[in-house]
Amino acid sequence: MRHNIKQLHDDIKTGSFLALARGITIVENGLEGYEWLMTHLRENHRPRVIGITGPPGAGKSTMVNALLQHWLKENKKIAVIAVDPSSPFNYGALLGDRIRMSEFYSNPNIFIRSLASRGALGGLSAKIIEVTEVVKEAPFDLIVIETVGVGQSEVEIAGLADCTIVALVPEAGDEVQTLKAGIMEIANIFVVNKADRENAETLYRNLRMLAHEKAIDGKEIPVIKTVATDGSGIKELADAVACYLTENKELPEKHLQLLTEKCWQLMQVQQMKSISFEKLKNELAAALKSTDFNLYAFTKDFLGRALVQVAE
Ligand SMILES: Nc1nc2c(ncn2[C@@H]2O[C@H](COP(=O)(O)OP(=O)(O)OP(=O)(O)O)[C@@H](O)[C@H]2O)c(=O)[nH]1
Ligand SMILES: [Mg+2]
């Protein structure tokens with residue numbers, strides 16, 4: 001088994017899409033080889049990650065589609081991870097995604113994978129960090145992650161991405177003033193998509209004003225108008241992304257936050273492995289017989305002994 005997973009890892013590194021797809025499945029489902037793979041990833045191999053988030057139906061997939069066409073002309077090799085919205089209302093759009101992106105399925109420079117956002121209530125798929133780490137092993141120039149901007153996911157994607165694009169549509173024009181502070185914080189580039197619609201100009205102006213107010217050291221977040229369906233503004237968007245990535249080579253502070261949280265979770269999982277439910281139950285049953293039983297003192301004592309075992 002160890003040999004097989006090592007071979008799979010080597011094949012991922014040399015660019016086999018088949019191996020990558022298999023690797024993702026292993027990681028997503030915690031199959032045999034999962035731990036070996038996760039502990040053998042190269043930390044410093046980092047294709048840049050671009051996050052695209054925004055409300056349902058803002059045109060994110062259409063935009064990714066248009067960006068792919070642009071990047072393909074530059075001979076780039078790209079992976080797209082689409083995190084499926086779990087809401088049944090998005091099911092139709094989901095099928096739409098498949099159809100729109102299907103023209104790329106046979107392209108040797110484009111790898112597309114959908115992930116279910118199961119489990120993580122309103123947030124990104126619990127496995128998205130691991131899956132991204134595996135995709136980073138493959139020789140891509142860029143990795144694009146599309147998520148629906150609801151709840152926690154926008155914040156998480158900012159931790160995962162080197163550059164976060166927040167896509168908004170004219171329908172949101174009047175709401176910009178009330179936009180959640182969170183979305184302002186995570187956007188590295190704003191896109192006003194569906195610029196062919198009425199009120200696009202209002203949203204654009206409002207965002208520019210907001211970007212001006214929130215400028216850091218005189219640097220404003222770029223706001224770009226696009227019509228993803230006909231490709232207008234896509235070149236400008238791709239240029240803005242390239243420019244941002246060139247100017248920001250360091251890991252974003254939010255990435256450290258995300259990794260710390262992840263590390264914390266991994267430690268919890270690791271720690272809990274040393275705790276047998278049966279043993280806990282038996283010891284608890286015995287301790288309960290004592291007249292001075294105290295659950296909190298018992299827990300502290302039990303955990304202390306379990307941790308000593310982990311350390312050993
Ligand atoms: N008029 C117009 N329609 C657009 C534009 N971009 C996308 N659309 C349409 O908007 C609809 C939703 O587009 P998607 O790309 O599926 O949007 P999405 O943000 O990926 O949607 P979810 O993934 O479900 O959140 C589709 O019918 C698109 O054809 C645009 O610039 N102008
Ligand atoms: Mg989509």
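This report describes a predicted model of a single chain, taking its confidence, its helices and a few individual residues in turn.

## Overall make-up and confidence

The chain holds 13 helices and seven strands, and buried residues account for 34% of its 312 residues.

The average pLDDT of the chain is 82, with 81% of the residues scoring at least 70. Confidence is highest in strand β7 (residues 223–225), at 97, and lowest in helix α5 (residues 91–101), where the mean is 45. The pLDDT is below 50 over residues 85–96, a stretch that has nine contacts in the model beyond near neighbours in sequence. Residues 119–123 also fall below 50, and this stretch has twelve contacts beyond near neighbours in sequence. Where pLDDT is low, the predicted coordinates should not be read in detail.

Helix α4 (residues 60–73) packs with helix α10 (residues 234–247) at an angle of about 75°, their axes being 10 Å apart. Angles from 65 to 115 degrees count as roughly perpendicular, and α4 and α10 are therefore roughly perpendicular to each other. On the α4 side the residues that meet α10 are Ala66, Leu67, His70 and Trp71, while α10 contributes Ile234, Lys235, Leu237 and Ala238. By class, this contact of α4 with α10 has six nonpolar residues, one polar and one charged.

Within α2, the buried residues are Leu20, Gly23, Ile24, Ile26, Val27 and Glu28. Ala21 also lies in this helix (residues 17–29), but Ala21 is partly exposed, because 13 other C-beta atoms lie within 10 Å. The C-alpha atoms of Ala21 and Phe111 are separated by 9.0 Å, although the two residues are 90 residues apart along the chain. After α2 comes Gly30, which has a positive phi near 60°.

Helix α6 (residues 128–137) is mostly covered, with seven of its ten residues buried. Those buried residues are Ile128, Glu130, Val131, Thr132, Val134, Val135 and Glu137.

Most residues other than glycine have a negative phi. Asn75, which is not a glycine, has a positive phi of about 60°, and this residue comes just after α4, in the loop between α4 and β2 (78–84). Asn75 counts as exposed, because it has 8 C-beta neighbours inside 10 Å and the cut-off for exposed is 12 or fewer.

Lys194 likewise has a positive phi of about 60° without being a glycine, and its place is in the loop between β6 (189–192) and α9 (200–213). Lys194 counts as buried, because 24 C-beta neighbours lie inside 10 Å, where the cut-off for buried is 20 or more.

Note on methods:
Residues are numbered from 1 along each chain as its sequence is written. Chains are lettered from A and ligands numbered from 1 in the order in which they are written. This is a predicted model: local features need pLDDT of at least 70, side-chain atom pairs count only at pLDDT 80 or more; totals for chains, interfaces and linings use all residues. Axes are lines fitted to C-alpha atoms, for helices over the stretch in contact, and angles run from 0 to 180 degrees between N-to-C directions. Helices (H or I, at least four residues) and strands (E, at least two) are DSSP runs, numbered from the N terminus. Angles under 35 degrees count as roughly parallel, over 145 as roughly antiparallel, 65 to 115 as roughly perpendicular and the rest as oblique. Two residues are in contact if their C-beta atoms, placed from the backbone, lie within 7 Å. Ala, Val, Leu, Ile, Met, Phe, Trp, Tyr, Cys and Pro count as nonpolar, Asp, Glu, Lys and Arg as charged, and the others, Gly among them, as polar. pLDDT is the predictor's confidence in each residue, from 0 to 100.
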